[in-house]
Amino acid sequence: MGCVQSIACKARVRRENIVVYDVCATIDQCPTRIEETSPIVLRYKTPYFKASARVVMPPIPRHETWVVGWIQACNQMEFFNTYSDLGMSSWELPDLREGRVKAISDSDGVSYPWYGNTTETVTLVGPTNKMSRFSVSMNDNFYPSVTWAVPVSDSNVPLLTRIKRDQSFTTWLVAMNTTTKEKIILQTIKWRMRVDIEVDPLQLLGQRARLVGRTQQEQPRILSRMEPIPPNALVKPNANDAQVLMWRPKRGPPLVVIPPK
């Protein structure tokens with residue numbers, strides 16, 4: 001049936017009626033900061049990825065709820081910590097590594113599928129008779145701990161010699177009808193964070209680690225096209241719950257140090 005005489009067809013929120021402007025995506029232009037205060041772990045803090053946008057939503061003619069906000073997924077992860085010539089520990093996402101999925105949700109673990117539920121989303125409850133204007137924003141960075149000693153050893157002898165991390169993400173700005181589950185993709189952003197730290201475990205604490213390679217991250221790309229969201233980016237588990245810490249020795253079989261949650 002055509003829409004010429006159908007009020008139901010007219011009473012819909014459509015992509016062409018949503019205005020998105022002032023879209024901004026950056027990574028702070030500062031180096032990763034290394035912290036050597038603990039005798040147990042090295043910590044590092046990367047610069048922040050930040051995304052923001054202003055949105056104008058049309059009136060919502062029905063008794064529907066729309067949420068507008070950011071959804072993020074991890075597309076690729078390499079995270080290796082080398083311990084001299086003994087082997088390496090690695091954080092891994094098995095389904096992603098084996099190619100069983102194209103992306104894994106990077107939600108906060110509570111607000112699926114959204115990255116978070118404070119500045120990251122705005123909820124609109126219809127019916128409304130006027131336009132809604134608002135901003136949504138998010139930020140993300142890495143701030144992990146890496147043991148100085150081999151993670152499967154009872155020894156506390158520092159043997160860590162290298163940390164290498166390379167992780168890629170896709171971030172979408174989305175309007176979602178929570179009643180019908182309809183999704184309208186408003187913007188797609190690609191970004192990547194890389195870390196390369198060289199460690200001399202023979203030095204005194206506070207003098208062991210130094211950043212090598214690039215000191216600034218490449219800036220995010222705001223795509224001109226809308227990239228679809230893979231199904232796994234919308235549901236549990238998120239990356240934090242799905243990741244596994246492995247120990248991969250130079251000799252002998254790999255061991256699971258921390259299983260997925």
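The structure holds one cavity of 30 Å³ or more. The model is predicted, so local features need pLDDT of at least 70 and side-chain atom pairs count only at pLDDT 80 or more, while totals for chains, interfaces and linings use all residues. Residues are numbered from 1 along each chain as its sequence is written, and side-chain values use heavy atoms, with hydrogens and water left out.

**Stop 1: the cavity**

Select Pro31, Thr32, Arg194, Val195, Asp196, Leu211, Arg214, Thr215 and Gln217, which line the largest cavity. On a 1 Å grid over the protein atoms alone, a cavity is a set of points where a 1.4 Å probe fits but cannot get out; a pocket is an open set with protein on both sides within 12 Å along at least five of seven lines; lining residues have an atom within 4 Å of a point. The volume of this cavity is about 30 Å³ (the space filled by probe spheres set on the points, with grid points joined across faces, edges and corners). Strand 12, residues 183–199, gives the most to the lining, with three residues (strands are DSSP runs of E, at least two residues; helices are runs of H or I, at least four; both are numbered from the N terminus).

**Stop 2: the largest pocket**

Next select Asn141, Phe142, Arg165, Asn240 and Gln243, the closest to the centre of the largest pocket among its 20 lining residues. This pocket has about 370 Å³ of space. Then colour strand 5 (65–83), strand 11 (160–177) and helix 3 (239–242), the elements that give two or more residues to its lining. Strand 11 has the largest share, three residues.

**Stop 3: the second largest pocket**

Stay with strand 5, which gives six residues to the lining of the second largest pocket, the most of any element. The volume here is about 190 Å³. Of its 14 lining residues, Met77, Glu78, Phe80, Glu92 and Arg97 are the closest to the centre. Strand 6 (87–92) and helix 2 (94–97) also each supply at least two.

**Stop 4: the nonpolar cores**

Select Tyr44 and Met57, which touch the most other members of the 52-residue largest nonpolar core (buried Ala, Val, Leu, Ile, Met, Phe, Trp, Tyr and Cys residues joined through side-chain atoms within 4.5 Å; buried means under 20% relative accessible area with a 1.4 Å probe, protein chains only). Strand 12 supplies the largest share of this core, eight residues. Finish at a second, separate core of 12 residues, including Val67, Ile71, Met176 and Ala233.

Methods:
Buried < 20%, exposed > 50% of the residue type's maximum accessible area, 1.4 Å probe, protein only.
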